[in-house]
Each structure stands twice: as C-alpha cells, then as structure tokens.
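Subject: Structure handover

Hi,

Here is the structure you asked for. My notes follow below it.

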Amino acid sequence: AEEEVVTDYAERIRKAIKDLTLNVAVLAEKLNIKYSVMNNIVHGKVMPDIKLAKKLEKELNIKLIEEVVVETGSGKNKNNDELTLGDIVEVD
C-alpha cells in the first residue's frame, strides 16, 4: 500500500485551524515552512507532500493521509467499470 494525501486536505486543515483558533502564520511558523506555502496549502492550491502532511496531522490532530492499495500485475481489474466490446457483443 502507498500513502497518499486525502483530496479534501485543504478543507480538513482549514477546519482544524479554526477549531484550534490558530492562524495560518502561526501554523507555518510552528512547522517551519513559509507562510506563502502554508497559505497555498490551506487554500488548496498546493498539496503538501507526505512528510509535511504528517507534520500537519500531528500539529492539528487530524487525518490527512490514507493508504492506497496499488494493484500490480496484468490480471483483469475487477473494479474497472468500463465496458469492452466483448461485454456488449454476444458471439454465437
């Protein structure tokens, strides 16, 4: 499994900042990153990397990382919803 940052990371971070009555500048300082970078993350313009996401998780006590199972191999993907011609055409 691989770790990935959740898609709604910005929303979760904004809510946590509000709940903890922090501000973006203070948070950036605590995490030792530039205010502009933190601001972009909060507004969903920049996705934090795993390392930074982990720091944010700790600091804000939220979940930002999920495990994604990456399937390997050439077997047919069972959860692929796309129909193929073979699914549609009946061969006599």
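The buried residues of α3 are covered by several elements, including α1, α2 and α4. Within α3, the buried residues are Met38, Ile41 and Val42. They sit on the same side of the helix, because their arc around the axis spans only 100°. After α3 comes Gly44, with a positive phi near 75°. Keep in mind that this is a predicted model.

Overall layout

The protein has five helices and two strands. Along the sequence the order is β-α-α-α-α-β-α. There are 92 residues, and 25% of them are buried. Take the contacts with a separation of 6 or more: 66% of them join residues 24 or more positions apart.

Helix α1

Which residues of α1 are buried? They are Tyr9, Ala10, Ile13, Ala16 and Ile17. Seen down the helix axis, these fall within an arc of 130°, so they line one face of α1. The general rule behind this: an α-helix has 3.6 residues a turn, so residues three or four places apart point the same way. On the other side of α1, Glu11, Lys15, Lys18 and Asp19 are exposed. The cover over the buried residues of α1 includes β1, α2, α3 and α4. Just after α1, Thr21 has a positive phi of about 45°.

How α1 meets α3

At what angle do α1 and α3 pack? The angle is about 110°, and the axes are 8 Å apart. The two helices are therefore roughly perpendicular, since angles from 65 to 115 degrees count as such. From α1, the contact uses Tyr9, Ala10, Ile13, Arg14 and Ile17. From α3, it uses Met38, Ile41 and Val42. That α3 set is also the buried set named above.

The nonpolar core

The largest nonpolar core has 21 residues. Tyr9, Ile13, Ile17, Leu27, Met38, Leu56 and Leu60 touch the most other members. Four helices each supply at least two core residues: α1 (9-19), α2 (24-30), α3 (35-42) and α4 (50-60). The largest share comes from α1, with five residues.

Ile17 is then in contact with Leu22, Asn23, Val24, Leu27, Val42 and Leu60. Two of these partners, Leu27 and Leu60, are also on the list of residues that touch the most other core members.

Salt bridges

How many salt bridges does a search of the whole structure find? It finds five. As a general point, side chains of opposite charge can pair when their charged atoms come close.

Lys54 and Glu3 form one of them, at 3.2 Å from N to O. Lys54 is in helix α4 and Glu3 is in strand β1 (residues 2-5), so this pair ties together parts 51 residues apart in sequence. Both ends are partly exposed: Lys54 has a relative accessible area of 39%, and Glu3 has 34%.

Asp19 and Lys15 form another, with the closest N and O atoms 2.7 Å apart. They are four residues apart in helix α1, so about one helical turn separates them.

Glu59 counts as partly exposed, at 29% relative accessibility.

A buried glutamate

Leaving out residues up to four places away in sequence, Glu57 touches Ile62, Lys63, Leu64 and Ile65.

In short

Helix α1 gives the core its largest share, five residues. It packs against α3 at about 110°.

Best wishes

Note on methods:
Residues numbered from 1 in each chain as written. Predicted model: local features only at pLDDT ≥ 70, side-chain atom pairs only at ≥ 80, totals over all residues. Heavy atoms only, no water. Core = buried A, V, L, I, M, F, W, Y, C linked by side-chain atoms within 4.5 Å. Buried < 20%, exposed > 50% of the residue type's maximum accessible area, 1.4 Å probe, protein only. Contact = heavy atoms within 4.5 Å. Salt bridge = Lys/Arg side-chain N within 4 Å of Asp/Glu carboxyl O. Arc of directions from axis to C-beta. Axes fitted to C-alpha atoms, helices over the stretch in contact; angles between N-to-C directions. Parallel < 35°, antiparallel > 145°, perpendicular 65-115°, else oblique.
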